[in-house]
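The following exercises concern the way two parts of one chain meet. Please work through each task before reading its solution.

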Amino acid sequence: MTVTSDSPAPSDPGAPAFDKAALKRKYREERDKRLRADGNAQYIRLSGRFAHYLTDPYVPVAPREPKTDHVTFAFIGGGFAGLVTGARLVEAGIRDVRIVEKGGDFGGTWYWNRYPGAQCDTASMVYMPLLEETGHRPSEKYAHAPEILAQCQRIGRQFGLYDKALFHTVVESLAWDDAAKVWVIRTDRGDRFTASFLGLGTGPLHVPKLPGIPGIEDFEGHAFHTSRWDYAYTGGDPSGAAMDKLRDKRVGIIGTGATAVQCVPHLARSAGRLFVFQRTPSSVDVRANVPIDPAWFDEIATPGWQQRWLENFTANQTGAGPMVEDLVMDGWTDLSRRIRAKIGDLPRDQLTPQAMMAAFEDSDFEKMEEIRARADRVVQDPETARKLKAWYNQLCKRPCFHDAYLQAFNNPNVTLVDTDGKGVDRITAKGVVAGGQEYPLDCLIFASGFEVGTAFASRAGFDVEGRHGLRLSEHWAEGMRTKHGVHVHGFPNLFFVQPTQGANLISNVPHNLTEAGKTIALVVREALDRGAREVEVTAEAEQAWIDLLLTGPGRMMLGSQECTPGYYNNEGQDPGPAARLNVGYPAGAMAYFSYIDAWRRDGAFDGLTFR
Ligand code: NDP
């Protein structure tokens, strides 16, 4: 493993202890500065006068005739969820699969997010789906976006998923026809086709949002959201070629989350001047990306390797079971290794829940102190370094890992405009005003993220109408209700592909998706083999699953109201009672994967009825 020059020094047992009480006070102060009553309502949708922000800059929309046919399986969403489910269905002999996707190709997140520097944050070996099935060897420990998009396309080609796919197509309604036992799918392209089975995998972060900054509509320069990168304006390309058209431009970027952390170094290299407008700094730890050595890969890639790696990652990341060798060794497994080591240091007779929580806390304080010290070490200007320090627990916000982001602030053309937690004052025709000063700009880039925490139907853009006209929004009015995060009572032949109420493994979402894909392919195969026209979870089985979920520890760190506001904690606002169901299997991800594997092997399809 390459050790970068800014890697932390090995921890020194004699290192001065930090003042926990002072840190907690500081964290709270910084959180309080950022709390605002409008929560999620501070953001605006890209509709109306902002609708042009959503135009696909990558692939032109091709005209086509509306579809009025029937398919065995329709899947809404052509990202990882649709691809892995489609692949498993095809493997199970169900080839009549139609994926409906709003983008112009497969890829989902990786179709839209082509900003320079985009790369996976979880190691490619476990993050990229179906590597073994496709025979693709990742080129780097953390692959860049073009390679991940190419993997999506490879899966699409290998499993014949392009044949029936509908791209640049937005679903408008989904309704169960109980007489015909089919789903009726209507889209914005005039389609009205039917499907025996329906899958939904629209992803959690697919609706870009803008900050509702006063005057945002007045800006007369060029502006775009990071998920619709305008290379025609900037020059360059998704593989990171220099954006030569920005050489004489004053560029501003609003937002310093995981997206900005990856694209700022590229902007810093290309822009005449770059102004990074910061409300809250990200925690940016060491990345240490390295190329994957083909000889090493050939050695480890024995049959079943990716499943073994996935399980190894989950075991190490979630800390379930005995310590096992960490094959993956990425930022996420490092995080949990540290916590486990800290807990492991406790004398056996002091292994109380309180002592374990305190050890967990200490490990976090230590890590964050290390990350803050890194800013001092890397950033030359002490004042800029100070402003780049994150004052919260590491999992309060999305942890970031990068070896060129902090360094970018050493470039003389880059200015960090820190707003001390307040956000920029306003946007004018000419630029951005922060701290009372106007920064004239040619181009303003919104790295302001995606809608999270809103109701499913609002994000998806459609409701789902099940048996007897029951709407999913009604069924889920008091929170999500499923069995396994997949099956919903009242919605026969419908399957969700997403992590919540299943493993809920947020550090490696694709693992959740591939497992759901396996389950769905098995259930559909069974229905077809039995000649059943319907498969549905019973009301009792759904309720039993909900009851089981509610025995768990709840939302833990990611939902903590103690945290700095962000999408992990509903912008610091009470998420309401429905959020108590946004949880995973009580015994954790590892236990869920074992459970679901046993459920599938058992063959009894416990909880489902086939009619
Ligand atoms: P985020 O929601 O994480 O970040 C939005 C940024 O905009 C925040 O820094 C936010 O500040 C800032 N902001 C919002 N309003 C204002 C305002 N009025 N003034 C100034 N700043 C403002 O979006 P991202 O696109 O960065 O990331 C979203 C998620 O996508 C990530 O958390 C991650 O899950 C995923 N992602 C994954 C990647 C990977 O795996 N490789 C790479 C990139 C993204 P504040 O923090 O104060 O709210």
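**Exercise 1.** Determine how many salt bridges cross the interface of domain 1 and domain 2.

*Solution.* In this predicted model, the domain assignment places residues 20–44, 211–287 and 359–446 in domain 1. Domain 2 consists of 70–207 and 452–610.

**Exercise 2.** Examine the salt bridge between Arg28 and Glu562, and state where in the chain each residue lies.

*Solution.* Begin with the distance: the closest N and O atoms of the two residues are 2.8 Å apart. The criterion asks for a side-chain nitrogen of Lys or Arg within 4 Å of a carboxyl oxygen of Asp or Glu, so the pair qualifies as a salt bridge. Next, locate the partners. Arg28 belongs to helix H1, whereas Glu562 sits in the loop between helix H18 (539–549) and helix H19 (589–602). The pair thus joins distant parts of the chain, 534 residues apart.

**Exercise 3.** Describe the side of domain 1 that touches domain 2, by polar contacts, helices and residue class.

*Solution.* First, ten residue pairs, both members at pLDDT 80 or more, are in polar contact across the interface of domain 1 and domain 2. Second, helix H1 (20–34) and helix H8 (258–270) each supply at least two residues of the domain 1 side. H8 gives the most to that side, with five residues. Third, sorting the domain 1 side by class gives 16 nonpolar, twelve polar and eight charged residues.

**Exercise 4.** State the extent of the interface between domain 1 and domain 2 in residues and in buried area.

*Solution.* Count the residues: 36 of domain 1 are in contact with 27 of domain 2. Then take the area: the two domains bury about 2900 Å² between them, with 53% of it on carbon and sulfur atoms. Within domain 1, the residues that lose the most area to domain 2 are Arg31, Gln262 and Arg287, together 22% of what that side buries. Finally, the centres of the two domains, taken over C-alpha atoms, are separated by 32 Å.

Key: Residues numbered from 1 in each chain as written. Predicted model: local features only at pLDDT ≥ 70, side-chain atom pairs only at ≥ 80, totals over all residues. Heavy atoms only, no water. Domains from an automatic or database assignment. Contact = heavy atoms within 4.5 Å. Buried area = accessible area lost by both parts, 1.4 Å probe. Polar contact = N/O pair within 3.5 Å; in protein donor to acceptor, adjacent residues only side chain to side chain. Helix = DSSP H or I, 4+ residues; strand = E, 2+ residues; numbered from the N terminus. Nonpolar A, V, L, I, M, F, W, Y, C, P; charged D, E, K, R; others polar.
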